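Please work through the exercises below with the sequence and the coordinates at hand. Each task is followed by a solution in steps.

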Amino acid sequence: MKVWIPILVLFLAVTGLCIWDGIFTQKVFNKLEHDSQNIYETLLTTDITNPEIKNDILELNDYWTKKMDILCISISRKDLQPISDYLQYLCASIINESQEDAITYSRILNYNIIGLNQTTGINFMNLL
């Protein structure tokens, strides 16, 4: 009986961590996907010099910077790096005021976020 209590506590701790990580990861990628899609659609119709789009991009970069360290618990930093790279390219296109680059990098960023969300998210294909 004394052996079962630590095993049960360890099992519950690991299960809780897995559930928390899955929910957290899904929540972060859903927000990233939504925001990056909005940025892409806004860039198609709005000039890059618009302060609102600049603010949206910088807020997304700050959000990603904060959440990436926590995501590294369960996802390799190598897999997360393309998102960081394209976010930095997008921030640089704001500084350079390059509309074409901003549209290109926002689209690639959104594509990478969708792909990473599909490979790490909780869905039927990943359970198989």
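The model is predicted: local features need pLDDT of at least 70, side-chain atom pairs count only at pLDDT 80 or more, and totals for chains, interfaces and linings use all residues. Residues are numbered from 1 along each chain as its sequence is written, and side-chain values use heavy atoms, with hydrogens and water left out.

**Exercise 1. Phenylalanine 29 and its ring partner**

Determine the burial of phenylalanine 29, its contacts and the geometry of its pair with tryptophan 64.

Solution. First, phenylalanine 29 counts as buried because its relative accessibility is 0%. Next, beyond its neighbours within four places in sequence, its contacts (heavy atoms within 4.5 Å) include Trp64, Leu71, Ile113 and Thr120. Then consider rings: those of Phe, Tyr and Trp (its six-membered ring) pair if their centres lie within 6.5 Å, and planes under 30 degrees apart count as stacked, over 60 as edge-to-face and the rest as tilted. Five aromatic pairs are found in the whole structure. The centres of phenylalanine 29 and tryptophan 64 are 6.4 Å apart with planes at 50°, so this pair is tilted. It links phenylalanine 29 in helix 1 to tryptophan 64 in helix 2, 35 residues apart. Tryptophan 64 is buried, at 2% relative accessible area.

**Exercise 2. The tyrosine pair**

Describe the pair of tyrosine 89 and tyrosine 105 and the cluster to which these rings belong.

Solution. The two rings form a tilted pair, 5.0 Å centre to centre with 35° between the planes. Tyrosine 89 lies in helix 3 and tyrosine 105 in helix 4, so the pair ties together parts 16 residues apart in sequence. Tyrosine 89 is partly exposed at 41% relative accessible area, and tyrosine 105 is partly exposed at 24%. Ring pairs join both to Tyr86 in a cluster.

**Exercise 3. Charged side chains**

Which residues form the two salt bridges, and over which ring does lysine 31 lie?

Solution. A salt bridge is a side-chain nitrogen of Lys or Arg within 4 Å of a carboxyl oxygen of Asp or Glu. Two are found in the whole structure. Aspartate 35 bridges to lysine 31, with the closest N and O atoms 2.7 Å apart; both lie in helix 1, four residues apart, about one turn of the helix. Arginine 77 bridges to aspartate 69 at 3.5 Å between the closest N and O atoms. Lysine 31 also lies over the face of tyrosine 63, 5.0 Å from the ring centre; a charge sits over a ring if NZ of Lys or CZ of Arg is within 6 Å of the ring centre and within 35 degrees of the ring normal.

Notes
Helices (H or I, at least four residues) and strands (E, at least two) are DSSP runs, numbered from the N terminus. Buried means under 20% relative accessible area, exposed over 50%, partly exposed in between (1.4 Å probe, protein chains only).
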